[in-house]
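Reader: I've just opened my first structure file and I'm a bit lost. Could you go through it with me, one question at a time?

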Amino acid sequence: MHPITKRILAGDVRAAARAITWIEDGFPEKGQVLREIFPHTGKARLIGLTGSPGAGKSSLVDALITYLRSQQISVGVVAVDPTSPFTGGALLGDRIRMQHHAPDRGVFIRSMGTRGNLGGLSRNTKEAVRVLDAYGCQVIIIETVGVGQSELDIMKIADTVAVVLNPGSGDTVQAFKAGIMEIADLFVINKADLPGLDKLLTEIEQMIEIVKHDASWQPPLVRTIATDRVGITDLWQAINTHRAFLAESGEGERRRSYHLHEEVMELVNQNLYRVMMQGIKEGVFANELYEVANRQVDPYHAAEKMVRIFLQR
């Protein structure tokens with residue numbers, strides 16, 4: 001067993017931080033560590049928070065951390081920040097907001113850059129979450145960047161997905177268009193003291209009737225004012241209610257099986273792409289690419305031929 005693996009399983013915070021850095025940087029030994037920690041994962045509760053920029057997701061996470069720590073629950077946070085165009089790293093906006101939790105050994109917060117991923121989630125987010133699970137975090141919160149047409153990746157990680165909306169922001173229709181409504185297990189109406197609350201509640205209820213009228217789980221609507229720590233207990237109760245539903249209905253096991261299936265296919269795609277790119281560098285497909293460049297063959301036939309060559313190697 002790799003020394004870093006042993007230290008992660010022993011609850012060494014520095015080892016967990018180093019492993020996540022290895023994941024982000026593609027360090028050669030990360031594969032061994034991830035394989036070794038896998039049997040020790042699957043125990044943490046995974047909660048996803050998504051919503052438009054400015055919805056107050058980070059303030060909500062901050063308030064939720066404070067509440068969970070008052071209940072003696074250890075918390076991990078993976079805050080997916082925009083990537084710096086200069087360094088390639090996360091801009092750390094979320095960690096700056098939550099830095100007062102830094103002295104607490106029961107809290108682990110890590111910002112990760114999207115690195116160009118349109119889904120709003122770093123491609124390494126799953127692996128970072130797995131490290132925090134093995135490290136011993138009881139609850140892991142994944143906060144995503146913004147909301148958009150392709151930001152549905154959160155459903156491939158989280159057990160419970162909370163969509164954060166604000167009164168008067170016009171988020172509801174945009175969320176409906178982006179498909180966010182379908183993945184929501186609960187709605188958090190943050191900044192609930194702003195004008196337009198009743199209108200927003202009515203809009204969401206109408207959307208739920210359209211999208212989830214025959215679903216076995218009806219997403220609850222939770223009102224919060226994160227900056228004042230209002231509604232955080234209600235939010236945690238709603239998350240717990242959804243957890244009970246997942247356990248009783250068997251949906252929880254189905255979701256986790258689906259997540260693992262999707263992860264395996266992603267890894268297969270990554271590995272195949274890497275091998276194919278290596279073949280291109282070695283000149284294995286030089287003739288096929290030359291023919292396409294000179295319009296002697298169309299890209300579709302060339303791609304099929306390259307796959308056949310790859311399978312015959």
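Predicted model: local features only at pLDDT ≥ 70, side-chain atom pairs only at ≥ 80, totals over all residues.

Reader: Which residue meets Lys126 in a salt bridge?
Author: A salt bridge here is a side-chain nitrogen of Lys or Arg within 4 Å of a carboxyl oxygen of Asp or Glu. The general idea is that side chains of opposite charge can pair when their charged atoms come close. For Lys126, the N-to-O distance is 3.1 Å, and the partner is Glu266.

Reader: How many residues apart in sequence are the parts that this pair ties together?
Author: Helices (H or I, at least four residues) and strands (E, at least two) are DSSP runs, numbered from the N terminus. Glu266 belongs to helix H11 and Lys126 to helix H6, so the pair connects parts whose separation in sequence is 140 residues.

Reader: How many salt bridges does the count come to? And which residues do shared partners join into one network?
Author: By the salt-bridge rule, the count comes to 14. Some of them share partners, and one network made this way joins Asp185, Glu251, Arg254 and Arg255.

Reader: In which helix is Glu127, the partner of Lys30?
Author: Lys30 and Glu127 form a salt bridge, with their closest N and O atoms 3.5 Å apart. The pair links distant parts of the chain, 97 residues apart: Lys30 is in helix H3 (residues 30-37), and Glu127 is in helix H6 (residues 125-135).

Reader: Of those two, is Lys30 buried or partly exposed?
Author: Glu127 counts as buried because its relative accessible area is 13%. Lys30 has 21% relative accessibility, so it is partly exposed.

Reader: What is the distance between the closest N and O atoms of Asp12 and Arg7?
Author: Asp12 is partly exposed because its relative accessibility is 24%, and Arg7 is partly exposed because its value is 30%. Their side chains form a salt bridge, and the closest N and O atoms are apart by 2.9 Å.

Reader: On to rings! How many aromatic pairs are there, and what kind of pair do Trp22 and Phe27 form?
Author: Rings of Phe, Tyr and Trp (its six-membered ring) pair if their centres lie within 6.5 Å; planes under 30 degrees apart are stacked, over 60 edge-to-face, and the rest tilted. By this rule the count is 3 aromatic pairs. For Trp22 and Phe27, the centres are 4.6 Å apart and the planes at 20 degrees, which makes the pair stacked.

Reader: And why is the pair of Trp217 and Phe245 called tilted?
Author: The ring centres of Trp217 and Phe245 are 5.1 Å apart, and the pair counts as tilted because its planes are at 35 degrees. Trp217 sits in the loop between helix H9 (197-211) and strand S7 (221-223), while Phe245 sits in helix H10 (residues 232-249), 28 residues away. Both Trp217 and Phe245 are buried. So the angle behind the name is 35 degrees.

Reader: Which side chain does His2 join in a polar contact?
Author: His2 lies in the segment before helix H1 (3-9), and it counts as buried because its relative accessibility is 9%. A polar contact is a pair of N or O atoms within 3.5 Å; within protein, one must be able to donate a hydrogen and the other to accept it, and residues adjacent in sequence count only if both atoms are side-chain atoms. At 2.3 Å, the partner of the His2 side chain is Glu29.

Reader: Last one: where is Arg295?
Author: Most residues other than glycine have a negative phi. Arg295 isn't a glycine, yet its phi is positive, about 60 degrees. Arg295 is exposed because its relative accessible area is 78%. Its place is in the loop between helix H12 (286-293) and helix H13 (299-312).

Note on methods: Residues numbered from 1 in each chain as written. Heavy atoms only, no water. Buried < 20%, exposed > 50% of the residue type's maximum accessible area, 1.4 Å probe, protein only.
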